[in-house]
Protein chains: 2
Amino acid sequence: LHFIKQIKTRKATRFSMQIIFYIPEVNHPQQWLDALRAQLPQATLRYWQPGDTEPADYAIVWAPPLEMLQTRNELKAIFLLGAGADSIMQIAAQLPAGVPVVRIEDAGMGAQMAEYVSYAVLRYFRCFDDYARLQAERQWEWHRPQERHKKDFSVAVLGMGVLGTHIIAQLLQLGFPVNGWSRSPKQMDGVQSFSGSDGLRACLSQSQVVVCILPLTPETTGILNRDTLVQLPRGAYVINVARGKHLIENDLLELVQSGHIAGATLDVFQQEPLPPEHAFWLEPRITVTPHIAARSLIQLSTAQLGAKIRGMAAGIAPSGVVDFTKGY
Amino acid sequence: LHFIKQIKTRKATRFSMQIIFYIPEVNHPQQWLDALRAQLPQATLRYWQPGDTEPADYAIVWAPPLEMLQTRNELKAIFLLGAGADSIMQIAAQLPAGVPVVRIEDAGMGAQMAEYVSYAVLRYFRCFDDYARLQAERQWEWHRPQERHKKDFSVAVLGMGVLGTHIIAQLLQLGFPVNGWSRSPKQMDGVQSFSGSDGLRACLSQSQVVVCILPLTPETTGILNRDTLVQLPRGAYVINVARGKHLIENDLLELVQSGHIAGATLDVFQQEPLPPEHAFWLEPRITVTPHIAARSLIQLSTAQLGAKIRGMAAGIAPSGVVDFTKGY
């Protein structure tokens, strides 16, 4: 059977564009393969398995083994099935030189991120956690003393890339003042912008909520820690929808328990799945979700990949190429 | 002391605009009086008490006793401190003929309603209730099988007045298709509009969520009942931010327990405060909040009242006059 498969593969290579594909089994490879085949009927797609060294034109991957890509100098591009380049960063130096690595640029993730963050900000702003607790106690009680006014309720968004921009636009539309922070200075209408490490302190000190949507790089690893979080005013709220390694989890937990931070909504963690013994699960002021803030939507992602691959075949360079010197 | 007060009041009537004010003690009258005095320094405001029959130019009230207003033909207008006219409807026939009753028209309530409804719709759309339950069980688990697409997730908004329009605009901005229903036909950009009782059935049958923001009138009392709620597709969600009497509570409870309705977020109830023994408190699929979806914000409401009263003094008819034949 294995022998027959190989012959079929060899025959196909002579006639059409070859694409190797890999995502971990847990992420449902078959659904992705079906959708990619519908987008690229002219291509021959195969699910890569150890030992497969047949040539290919393109690779489409998430969390790939190094062995799959290390010696493939023939590739025209490697496409990542997600917005973050961190999943491939640790093997970046060993990838074939000169092969561009291309990220998914939005594919519905921006809208989903904006939904998630809007939900979490509204939940905190309107005290819905308090009302949930009161409901469990069958208490009919108002929170008028803590009436909050939007104009005094600024949200800091760390990261002003494609996803950060979606989040900012939605928060502005909901009427929240927004402070934006990015690696290099950026201007956006209606946003008070900050950059650099001094800028980060100033940004946080003026914000009631901080949202992290930064790329994970050596500079941003652990950026949410005791030193930065204490810059937030007392009673501020933390939302992390980027990567678990942005946040020093024990620092946050201590600041929540001391009352400096009112609470947090976290979608990403140092270790995923979050271990059952982790203190976040049962801390009532911390909302845990299982890395669902933005999923790569199969239809939108594969449509984007199809367009980029057809473009490359026609000589058009794709957008979203990872700059490994910046890390995203 | 009472005698001295009366003399002071009499003296003042000779020189300035007289306003009588009443809201129940539970709603913090002093805060409102202070804010109104700041808005209308030229006026003399007094908190009405039983027995006070001194003339007045205007009355500003919420849930007033009939005795306060019944014989006051001298009033130029009665201002309600809220958006709903239902609080005064039962005494409407006994109010002095020809005195206009004027509602608060928005005063920040539209924005608050839009926040509340956006929060509740996002909560259901993104399965945040399920994730809260999973967190309590320390379960890291995805809901990919029930992946929902916004284009197939329409929200019916019953009521297309000032507040309904705010809600609709926010939902459209979040990317949800909106079906609007109103008493008389209305057109709004981007909204599929319905009216009349046949229109209500058609509207509900095409919507995954129904939001009630109708005025309470004889025609809309009990409008959310078994017959109308079963028009919604199985697994739909109910949000009521209007009045408790719009909803037949037992009908909803039975449809939730039978699984036809997935759940509800309710801010208003037949009896408020919701009695401690009410089944809604402990039903995990029903979220209860204590009539906080939109509060009359003191600053914005009193600024609007100040502007309307100064306008009337200058001969400009106020907007927001209640039409008792329509009931709002």
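So, A:Glu115 and B:Lys150: their side chains meet in a salt bridge, 2.5 Å from N to O. By salt bridge I mean a Lys or Arg side-chain nitrogen within 4 Å of a carboxyl oxygen of Asp or Glu. Between chain B and chain A the count is 4 salt bridges.

Quick housekeeping. This is a predicted model, with local features needing pLDDT of at least 70 and side-chain atom pairs pLDDT 80 or more, while totals for chains, interfaces and linings use all residues. Residues are numbered from 1 along each chain as its sequence is written, chains are lettered from A in the order written, and side-chain values use heavy atoms, leaving out hydrogens and water.

Okay, the interface. Chain B brings 49 residues to the contact and chain A brings 50, contact being heavy atoms within 4.5 Å. About 4,600 Å² is buried, and carbon and sulfur atoms give 61% of that; that's accessible area lost on putting the two together, 1.4 Å probe, summed over both. B:Tyr119, B:Gln135 and B:Trp140 supply 18% of what chain B buries against chain A, more than any other three residues.

Now the inside. The largest nonpolar core has 71 residues, and those with the most contacts inside it are A:Val241 and B:Val241. A core here is a set of buried Ala, Val, Leu, Ile, Met, Phe, Trp, Tyr and Cys residues joined through side-chain atoms within 4.5 Å, with buried meaning under 20% relative accessible area, 1.4 Å probe, protein chains only. Beyond four places in sequence, B:Val241 touches residues including B:Met113, B:Ile167 and B:Ala293. There's also a second, separate core of 43 residues, with A:Trp48 and A:Ile309 among them.

Methods: Buried < 20%, exposed > 50% of the residue type's maximum accessible area, 1.4 Å probe, protein only.
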